[in-house]
Amino acid sequence: MERHATGKLVLALLILLASLPARADCGDCAATARAFAAKEGFSGIVLVGHGRQIDYVEAFGAADLDSDRPITADTPFEAGSISKWIAAMVVMRLVDQGRLALDAPISTYLPDYRRDNGDKVTLRMLMSHASGVPNEVDEAIKRDPSTRTLSLDNVEAVRRFASGDLRFAPGSDWDYSHSNWLLVKAVVERVSGENYAALVDALLVAPLGLRHSGVFAGSSSEVPGMALGYRQQGSTYERLDKPTPDFMVLAGGFYCSADDLLVLMDALLSGRLLSAQATDTLMAVERPAQSYALGGRTKTLTFVGKPHPVAWEYGSNGAFRMLAWRTLDDGHTVIAMNNTGFDHLKLGDLGTAMMEAAYR
């Protein structure tokens, strides 16, 4: 992989690339983000809003170090595990349409899947990581990273990586297993008769007018305008690209820009995407110890001394890090995206600082 001088990245980071002007007066937001970026060498985008309104958005650094292509508000990033929340929205759209039931055994939809597991496991259990299905796909990738490049249909992917003996009785425990989402993909595509990427386009992207969002399989660098991923090696940066196979796209194959993600979160949490009942179901915590709902988390965070219920989403894959928080009581939103493997705890600090700046 080609290496890049730190000085080149620092130069890019010091050019604060505001792709869109602030849409409302949030001087504290700009000051907070710029100080953080200068101190921590942050490469990516920070957006603050409330409801559908963008209050502040600013980009820092380069989407491509070779060409010095800057990051802008329209630059798409890999969403990592936020993809699971997107997949849960697709499932709930199908539930709203009466095509799926969260609490039916998955053998209802996958009659060829092993019956001893399929008769006990439901979509709700899969999407809340309470199914007991072992995480065989991650184990396979650890043994052989080339697993990420395999081209398998749903039947073969499920047979290889989601058909092991259950590790606990379904519903009795929690285990963050990516193999759950191989089964959700098989169910969704079997019931709809559509490829998952086409479903995301039809149920989310097109209705909401998202311009820089969708599903990728393989290398995300094939997406037009995509931010490229980098990791630091001593005093230099090198390209880092972790492909996502098609059978894992529900777990980590969504990409989006910051402004698109704001539109998507507002549409969901203002009731424009799902029925009120489906939205409540999506956000309701299933596993309290982990604050885990269906495909994402709902938790209470405190900003400027006041607690707020928050849709709390975090994504990571290779060099990409993404944070998306929205308060459920008053619609304040912070989105931060990064393409250099930024420390997730510091990203959380940035999220807190930006939300407090928004409230001030």
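Where is serine 219 found? Serine 219 lies in the loop between β8 (214-215) and β9 (230-233); helices (H or I, at least four residues) and strands (E, at least two) are DSSP runs, numbered from the N terminus. The structure is a predicted model, in which local features need pLDDT of at least 70 and side-chain atom pairs count only at pLDDT 80 or more, whereas totals for chains, interfaces and linings use all residues. Residues are numbered from 1 along each chain as its sequence is written, and side-chain values use heavy atoms, with hydrogens and water left out.

The pLDDT is the predictor's confidence in each residue, from 0 to 100. The chain has a mean pLDDT of 92, and 93% of its residues reach 70 or more. Over residues 1-23 the pLDDT is below 50, and this stretch has 54 contacts in the model beyond near neighbours in sequence; a contact means heavy atoms within 4.5 Å. Where pLDDT is low, the predicted coordinates should not be read in detail.

Serine 219 has a relative accessible area of 16% and is therefore buried (buried means under 20% relative accessible area, exposed over 50%, partly exposed in between, with a 1.4 Å probe and protein chains only). Leaving aside residues up to four places away in sequence, serine 219 touches Asp241 and Pro243. The side chains of serine 219 and aspartate 241 are joined by a polar contact of 2.6 Å. A polar contact is a pair of N or O atoms within 3.5 Å; within protein, one must be able to donate a hydrogen and the other to accept it, and residues adjacent in sequence count only if both atoms are side-chain atoms. Proline 245 is 26 residues from serine 219 along the chain, and their C-alpha atoms are separated by 8.7 Å.

Serine 177 is buried because its relative accessible area is 0%. Its contacts, not counting residues up to four places away in sequence, are with His129, Val133, Pro134 and Asn135.

Helix α9 (residues 196-208) has 13 residues, which at 1.5 Å a residue should span 18 Å; its end C-alpha atoms are 17 Å apart, so the two values agree. The expected span is 1.5 Å times one less than the number of residues. At alanine 202, α9 bends by about 35°, the bend being the angle between axes fitted to the seven residues ending there and the seven starting there. Asparagine 195 caps the N-terminal end of α9, with a side-chain oxygen 2.8 Å from the backbone nitrogen of alanine 197. Glycine 209, which follows α9, has a positive phi near 65°. The buried residues of α9 include Tyr196, Leu199 and Val200, and among the elements covering the buried residues are α3, α8 and β8.

The search of the whole structure finds one disulfide, defined as a pair of cysteine sulfur atoms within 2.5 Å. This disulfide joins cysteine 26 to cysteine 29, with an S to S distance of 1.8 Å. The torsion about the S-S bond of cysteine 26 and cysteine 29 is about 50°, so the disulfide is right-handed. Cysteine 256 is in no disulfide, and the nearest cysteine sulfur, that of cysteine 29, is 20 Å away. Cysteine 256 counts as buried because its relative accessibility is 1%.
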